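This report describes selected features of the model shown below.

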Amino acid sequence: MMFLFFYPFNVHAEENIYDERMALFKKTEALTQIPWYYLAAIDNYERNMKNSDEPEQLISIEIMPEIWFGPGNSSLLKDIALIDTFNGKGKDGNGDGIADPANEEDVLYTMAMILLEYGPTKDEIRIALWNHYNRDLTVQTIMNTSKVFQTFQGIHLTDRDFPVAIKHNYSYRNTWGDRRGFGGNRIHEGTDIFASYGVPVHSTTYGVIEMMGWNLYGGWRVGIRDIFNIYHYYAHMSGFSDDIKVGQVVKPGDVIGSVGSTGYGPPGTSGKFPPHLHYGMYKDNGYSEWSFDPYPYLIKWERMAKDKN
């Protein structure tokens, strides 16, 4: 079950690793004036491109050797004067005279200086990210994550919620991979949670609303991109909460809409199936995005939500 590698049930690292990371982000901000939450978002993005069975690093940003050391520096010399001679980007972040891609302070300082080549503003940082990663979704994910970190002034955000208000009656089972016929043969990329019309729908995670509106298959739907490079898809809703909009930061438990039975037709189509929430999860690894089974996570988050009540 490959998804287990990408979206862990529990936070295994000790609290102090987050404190150490934040200290490094804040130190680099003080040196470069690049806001810490951009550096934290880049680091978080790259960490979540990796399999979690690999040992967790304090800082997960990796810069390609040819960029770090410079073209022609085949011996990978770390002296900062020699790296400059070869037009490398590697910088010394801890004052020891060498630029070591295995040193966390050097890596963060180098990443910040790469961003500063374009400027310190939000738009300039967005341009720098596109030139570094050459991928729109990567830039969007990093910028979204930076908004979440800035809003909550932290990086250790582990709370979750069940997508349907648990004080109401609902039912669900594992429906991921079932066949669907509308629009041609396809598999069901999510879990259906059956509940009455109007039952509140909650954000399960910290993230940013990336998409909302009508979809032929999903009816009124909302898409939220979280801080783990995962897109959460809520579909067939009867409508949206009045105070949500694209680009808005959300947290677990925020009401984003209500259960309905919309979809399978032009805007406004409803009632072609019983009211329920379709909940899907899609992982991005920096190259492609794919659906995976949300059912095990829903069981976990349901238990967490009940424990709070």
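Is aspartate 192 buried or exposed? Aspartate 192 is buried, because its relative accessible area is 6%, where buried means under 20%, exposed over 50% and partly exposed in between (1.4 Å probe, protein chains only). The model is predicted: local features need pLDDT of at least 70 and side-chain atom pairs pLDDT 80 or more, while totals for chains, interfaces and linings use all residues. Residues are numbered from 1 along each chain as its sequence is written, and side-chain values use heavy atoms, without hydrogens and water.

Aspartate 192 belongs to strand E4 (residues 191–195). Its side chain forms a polar contact of 3.5 Å with that of histidine 276.

| Pair | Angle | Axis separation |
|---|---|---|
| H2 and H6 (residues 122–133) | about 25° | 12 Å |

H2 passes H7 in a right-handed crossing. Residues in contact (heavy atoms within 4.5 Å) include Trp36 and Tyr37 of H2 and Thr138 and Phe149 of H7. This contact comprises ten nonpolar, six polar and no charged residues.

On the H6 side, Tyr38, Ile42, Tyr45 and Glu46 of H2 meet Lys122, Ile125, Leu129 and Tyr133. Here six residues are nonpolar, none polar and two charged.

Terms used. Helix = DSSP H or I, 4+ residues; strand = E, 2+ residues; numbered from the N terminus. Polar contact = N/O pair within 3.5 Å; in protein donor to acceptor, adjacent residues only side chain to side chain. Left-handed = near helix turned anticlockwise from the far one by under 90°. Nonpolar A, V, L, I, M, F, W, Y, C, P; charged D, E, K, R; others polar. Axes fitted to C-alpha atoms, helices over the stretch in contact; angles between N-to-C directions.
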